[in-house]
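Thanks for making time this morning; I would like to walk you through one model, beginning with a loop and ending with the spaces inside the fold. Please keep the sequence and the structure in view while I talk.

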Amino acid sequence: MPEVQRVTIVGGGVIGCFLAYPLALEGVPVTLLERDDVGSGATGVSAGNVQPGVMGGIVDAHGVLGALEAQSLHLHRTFLPSIKEDSGLDPLDHEVQYLYAALDEQEVAETRQFTAALQEHRLRVEWINGPAARALEPRLAPHILGGALHQDCFQMDAYRFVTALSKAAQRHGAQLQRGAVVGLQRTG
């Protein structure tokens with residue numbers, strides 16, 4: 001495989017800035033192109049969750065998607081301390097937990113399956129019964145049967161996080177250029 005000469009990343013959201021950071025750490029010349037300001041799109045106003053596995057929809061928690069989500073959490077934990085140090089910016093991250101409540105037998109089955117899928121990826125999640133759920137949150141419905149308590153989740157200020165990623169990448173040599181990308185041309 002040929003050595004990478006230069007990488008250009010279009011988009012200064014969380015994905016673009018995260019890609020720029022480890023590349024810059026490895027000494028790869030990186031240019032990050034952003035139309036406006038870093039984090040000025042969806043990333044900067046997102047909820048700021050790092051939450052592997054979400055119940056419902058088209059989620060494949062047992063398969064490839066679940067494995068990628070677990071790996072993303074691992075990468076977040078691996079890189080976050082150096083991102084904070086390299087950028088000098090605290091994204092106000094903290095661990096949170098989510099309870100996926102089960103109010104009927106169908107939801108119990110689905111929630112237990114979801115719990116098992118996340119546990120396959122070595123994530124901290126457990127099935128808890130109704131009384132344990134109400135002990136965590138007394139305002140839950142008295143007829144709750146239980147739920148999946150997901151404890152491998154982070155919350156942070158998304159704008160501060162993407163700004164920290166950008167600053168950390170730039171500290172290691174990544175270049176940030178502002179302007180709209182209207183096409184791509186490749187030579188060589």
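This is a predicted model: local features need pLDDT of at least 70, side-chain atom pairs count only at pLDDT 80 or more; totals for chains, interfaces and linings use all residues.

Let me start with L92, which is found in the loop between α2 and β4 (94–102), where helices (H or I, at least four residues) and strands (E, at least two) are DSSP runs numbered from the N terminus. Residues are numbered from 1 along each chain as its sequence is written, and side-chain values use heavy atoms, with hydrogens and water left out.

What stands out about the phi of L92? L92 has a positive phi of about 60° although it is not a glycine, and most residues other than glycine have a negative phi. At 45% relative accessibility, L92 counts as partly exposed, a class that sits between buried, under 20% relative accessible area, and exposed, over 50%, with a 1.4 Å probe and protein chains only. R122, in the loop between α3 (105–120) and β5 (125–129), likewise has a positive phi of about 60° without being a glycine, and R122 is exposed, with a relative accessible area of 78%.

Now to the charged pairs. The structure holds eight salt bridges, each being a side-chain nitrogen of Lys or Arg within 4 Å of a carboxyl oxygen of Asp or Glu. One of them joins the side chains of D93 and K84 at 2.8 Å, N to O, and K84 is partly exposed, with a relative accessible area of 28%.

Which side chains does R124 meet? R124 forms a salt bridge with E95 (2.9 Å, N to O), and this pair links distant parts of the chain, with R124 in the loop between α3 and β5 and E95 in strand β4, 29 residues apart. R124 also forms a salt bridge with D152 (3.0 Å, N to O), a pair that again links distant parts of the chain, since D152 lies in strand β6 (residues 146–155), 28 residues from R124. R124 is partly exposed, with a relative accessible area of 38%, whereas D152 is buried, at 3%. Salt bridges that share partners join R77, E95, R124 and D152 into one network.

Let me finish with the spaces. On a 1 Å grid over the protein atoms alone, a cavity is a set of points where a 1.4 Å probe fits but cannot get out, and a pocket is an open set with protein on both sides within 12 Å along at least five of seven lines, with lining residues having an atom within 4 Å of a point. The largest pocket has a volume of about 510 Å³, volume being the space filled by probe spheres set on the points, which are joined across faces, edges and corners. Of the 18 residues that line the largest pocket, the closest to its centre are V14, F18, V50, H76 and F161. Helix α1 (14–25), β3 (49–50), α2 (64–87) and α5 each supply at least two residues of that lining.

The structure also holds one cavity of 30 Å³ or more, and α5 gives the most to its lining, with three residues.
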